[in-house]
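Here are some notes for a colleague who is opening this entry for the first time. Please read them with the sequence and the model side by side.

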Amino acid sequence: MTRVNRFNSPVPDHEYLADGDVLFYLRDAVTQLLDHQQEYTTFGLIRYFAEYFSSVKNSNHVLFREYNYIRATPHNRASFIRVFWRCYRQIGKSGDLLSTLEYRSLLQLLCPDFPLEMVQRAARIVQMEDVVDCLMSFSDFLYALQLHFYYPEFLNSMLLIYQDLLAGKSPNTVIVPTSTSIDLLRSVAAENISKEKQQQQQDGVDPSTLAQCIDALCDRFKHSHPPRSCMREVLGQTNKVYYYSFLMSLAKHESINQTIGALPSRAEFLIDPEMDQDLEKLIAQISVSPSSNSSGSAVGGLKEVHRRASPRRNIHHRRKIEVESDGSTEETDSSEN
């Protein structure tokens, strides 16, 4: 496969910078530098910028950052999902089932202001109804979270269209939301969730009609939506479409997962040899520590590590700690010695 040289690319410079969100990361890097001039000037400017963009490339840059930052670009969204998977994959291996609030607590260890609303939306996809207190497996929850965290604007717009179709409107009268109305979608969708649930239990939507509306919606969102072929494939498998069951099918769709590029396939969801080696070293350290409980399980030890790794100090102090691609830190390792 021939690789495109960005210096000889036919794509105009401004399009290349926009597509890669380069200016966004440059602004953030400069902002961080200006906010902590003394610390990073001592650290070295060249080394600072090198390590900043290295962390962006390795997807470690989203650790302990604010929610507005981790959702600001597609790369940040995918990076956060992958970091969450690598940090808590052991929960899936142990088969533990957790509640919505427990998953939110885990998310807030990595992003302190991660909103409950996003977690609840992922829970509704798994449960396919407006119930948020049931226990969920790690894999089901994470694939659902990935879908709604990566494509929230598109899915919120699709919900409004779905509700219009449920109300009996024809495709010609359904209003496809514009960019100016995106800010209103979250509150409107929240107000209509209970109404949508009651209607959904009685009847669904014609898949061909919904597919027609989705095509128009994709035209407005350009590339910020699941692949059209995947959505058409799911819609072609049923005579009636129900919103949350449709989202669950999308969340499980392997092609959509590959498009996002954050998580492995379901068959390899619990496999991560590099992470397993790191965990074995960590568990060995815990087992020889005088303060460790010899009767504690490996899962219990992992949970204890996550509690100790809770982000209590400011973000910029932690940035000095070298973060490996598996989401662990040297600070965590040293705390066990």
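1. Which residue lies over the face of Y69? R65 does, at 3.7 Å from the ring centre; a charge sits over a ring if NZ of Lys or CZ of Arg is within 6 Å of the ring centre and within 35 degrees of the ring normal.

2. A word on the basis: this is a predicted model, in which local features need pLDDT of at least 70 and side-chain atom pairs count only at pLDDT 80 or more, while totals for chains, interfaces and linings use all residues. Residues are numbered from 1 along each chain as its sequence is written, and side-chain values use heavy atoms, with hydrogens and water left out.

3. The search of the whole structure gives 20 aromatic pairs (rings of Phe, Tyr and Trp, the last by its six-membered ring, with centres within 6.5 Å; planes under 30 degrees apart are stacked, over 60 edge-to-face, the rest tilted). Y67 and F114 form an edge-to-face pair, 5.3 Å centre to centre with 85° between the planes. Because Y67 lies in helix α5 (residues 67-70) and F114 in the loop between α7 (100-110) and α8 (116-127), this pair ties together parts 47 residues apart in sequence; helices are DSSP runs of H or I, at least four residues, numbered from the N terminus.

4. Both Y67 and F114 are buried, that is, under 20% relative accessible area with a 1.4 Å probe, protein chains only.

5. N257, in helix α15 (residues 254-260), is likewise buried, with a relative accessible area of 1%.

How values were computed:
Helix = DSSP H or I, 4+ residues; strand = E, 2+ residues; numbered from the N terminus. Buried < 20%, exposed > 50% of the residue type's maximum accessible area, 1.4 Å probe, protein only.
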